[in-house]
2 protein chains.
Amino acid sequence: MKVAVLGVGLTKFGELWDKSLTDLLAESQRAALRDADLKPTDIDTIFTGNMCAKSFANQGNLGALAAQVLNINVPSTVLGGECASGGLALRAAISAIESGFAKVVLVNGVEKMTDVSSVQATTGLMAAASAEWELFHGATFPSLIAMVARLYMDRYGLTREELAAVSVQNHENGALNPYAHLQRAITKEHVLNSPMVADPLTLFDCSPVSDGAASVIVAREDVAKKLGKDCVFVVGSGQATDKLVLTERDDLLTWKANQLAAQAAYEMAGIGPQDIDIAELHDGFSIVQILSFEDLGFCKKGEGGKKIARGQTSLRSDQPINTSGGLKSRGHPVGATGVAQIVEVVNQLRGRCGQRQVDGARIGLTHNVGGAGSSVVVHIFQRGGTSRRGK
Amino acid sequence: MKVAVLGVGLTKFGELWDKSLTDLLAESQRAALRDADLKPTDIDTIFTGNMCAKSFANQGNLGALAAQVLNINVPSTVLGGECASGGLALRAAISAIESGFAKVVLVNGVEKMTDVSSVQATTGLMAAASAEWELFHGATFPSLIAMVARLYMDRYGLTREELAAVSVQNHENGALNPYAHLQRAITKEHVLNSPMVADPLTLFDCSPVSDGAASVIVAREDVAKKLGKDCVFVVGSGQATDKLVLTERDDLLTWKANQLAAQAAYEMAGIGPQDIDIAELHDGFSIVQILSFEDLGFCKKGEGGKKIARGQTSLRSDQPINTSGGLKSRGHPVGATGVAQIVEVVNQLRGRCGQRQVDGARIGLTHNVGGAGSSVVVHIFQRGGTSRRGK
């Protein structure tokens, strides 16, 4: 499997009061077309990841909307896996290309979240959990993840300070990303002293509510060659699901869907975690980055938090994670996140990340989660040559 | 392209007060597995079409939910194209099979609509139109389609009585379908004298708000052969989009996405409308069935209404349309509709439709629309042998 990335684009993430859902979609689509040096009529299929447009903007049918913005009539479909929707849109594009349904595909992720109240946002996002077994009992998403964090701290002896280090590191990277919603560095004290959301998680353990869109254009390898492009390729794709209801899981701290999705992606790419130069992991909450770092095989279960706290995944380390700033600092317009992760990895592999560039990065991974680990999609990208780490 | 249908299943459609979204999904999934004589662990991928679960039941992440119900951890994704979501789920399945991503795929459509008020339902369904240019100005979906109907009657001289014949015919078929929401025959007078919804459309020109789910299991041809199945095959798939906003269209009475999607499906199948024995057309409103009948090439533009009114598409005619009762009588749980259409066509081609069976049907078509013709997906099915109509 080898699908070429022809171009990427995104909007600035943030509280974009002056931009509508349509504006965001139009802006990121145009940016990707410009980057790929293509016209709208070169696109023959569109897939768009979105979670909340219907609940937050009364707007569904984003497939038709995305095509309308470009004045084309191509097959255009919305992919839903809540916060994993963006990653699923890329997976649908790969499938369409490999099956012969499509040649040049535009992949979007978009979300407009800041036009609704906090209560509406919290309830809307809770749709990723179980309405019957979790929402009904008053649980919010942060409260569910807080229980996971508490258990992890208890079982593996992770301190509150070590947990806080995840957000500090992500903001360190995000401070170098002009597209980031929260483009500034923070200290451990900021995290510890920020308002409590759900014990032990404070405001700075949680990704922000953001507006934004991201787009990627992919094509068959031969199409890319004809265009004379020096491309990044998608070399692995994996997806899995797990019980929606947290209490039905075998173990709250090992997310089976993380493991299965990563395993499938590694297998398809013919590599392992040791070969990954850079990775964008889904840090909707600080603890989720730790769990996922372990589930994806970057270290043993229980060691992830301490490894991150020791700086072993920072920008200048051997294993940089979330060079974009992650969901925490770049922002988390939920349906757009998975595609924004891809934009970052592709730009890193192309050497276009300026101050936050990881020298010599050749193989990158994106990890996108919907719900509390219930929907996971992992992609692996490669640019010619060998990985910094040996492959 | 040849993908085999191994099994189909559906719930009764209706106002199912005693069944939750999860119950519906579980029931149709089990029915399809039983029909295919497969175990949940035989399924390696799931695609589910849904429109309103988040807005009407606070439940998203239906991918994980569908897999959880079967206690499997497979890739499971939600497809969104509003009322066309079900058809898009089958298209995603075909793509996944043809690309090698999947071997045995479960396709679902599900909707639970009767737990919310009429106002919530009308507003929720309006998400298929444009929030900025239509909803904002107070338009409802019936009011938009009513303008289309008025224009058609004016331009092509269709009488109110002729328009009513569409619903009468669909109810005639639905009366023979034990799964139908409104399983009873009606007269032209019922339609004409029912409450006005949006002039000229009365209540009986509009499909009902229904609960229901439908499932289909598809597989690679070689897998079907190994199982020794005498299968119906999917031989054509086409999808297209058109401007979301009705006023941006070139012509309100020719729906470009209808034409493009059908053209692509005919081309893939190597046949034309003259070869189609039976078809399930998207009759969300009576006028939409007429427009679509024409757009798909069954007759010239402007002649569809009169042809249907003359009984030339009735069950015992040469060209039976909506043998299931259509959206009007079988019911329209929006995300489930596209899959329910497929269930009907497959059962017709297998000769399992009892009193409403069309003898000798070999080639069938499903036509599924999201929005006012803005998202369209068409599939063509065939069972060995030649069509009644010559192919």
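1. Salt bridges. Two salt bridges are found across the interface of chain A and chain B (a side-chain nitrogen of Lys or Arg within 4 Å of a carboxyl oxygen of Asp or Glu). A:E82 forms a salt bridge with B:K54, and their closest N and O atoms are 2.7 Å apart.

2. Basis. This is a predicted model: local features need pLDDT of at least 70, side-chain atom pairs count only at pLDDT 80 or more, and totals for chains, interfaces and linings use all residues. Residues are numbered from 1 along each chain as its sequence is written, chains are lettered from A and ligands numbered from 1 in the order in which they are written, and side-chain values use heavy atoms, with hydrogens and water left out.

3. Extent. Contact (heavy atoms within 4.5 Å) involves 56 residues of chain A and 56 residues of chain B. The buried area between the chains is about 4,400 Å², with 48% from carbon and sulfur atoms. Buried area is the accessible area (1.4 Å probe) that two parts lose on being put together, summed over both. In chain A, A:N61, A:N73 and A:F101 lose the most area to chain B, together 17% of what that side buries.

4. Strand pairing. β3(A) and β3 of chain B (residues 76–80) run antiparallel, joined by three bridges. Two strands pair if DSSP finds at least two bridges between them. Strands (E, at least two residues) and helices (H or I, at least four) are DSSP runs, numbered from the N terminus. Which residue stands opposite A:L79 in β3(B)? B:L79 does.
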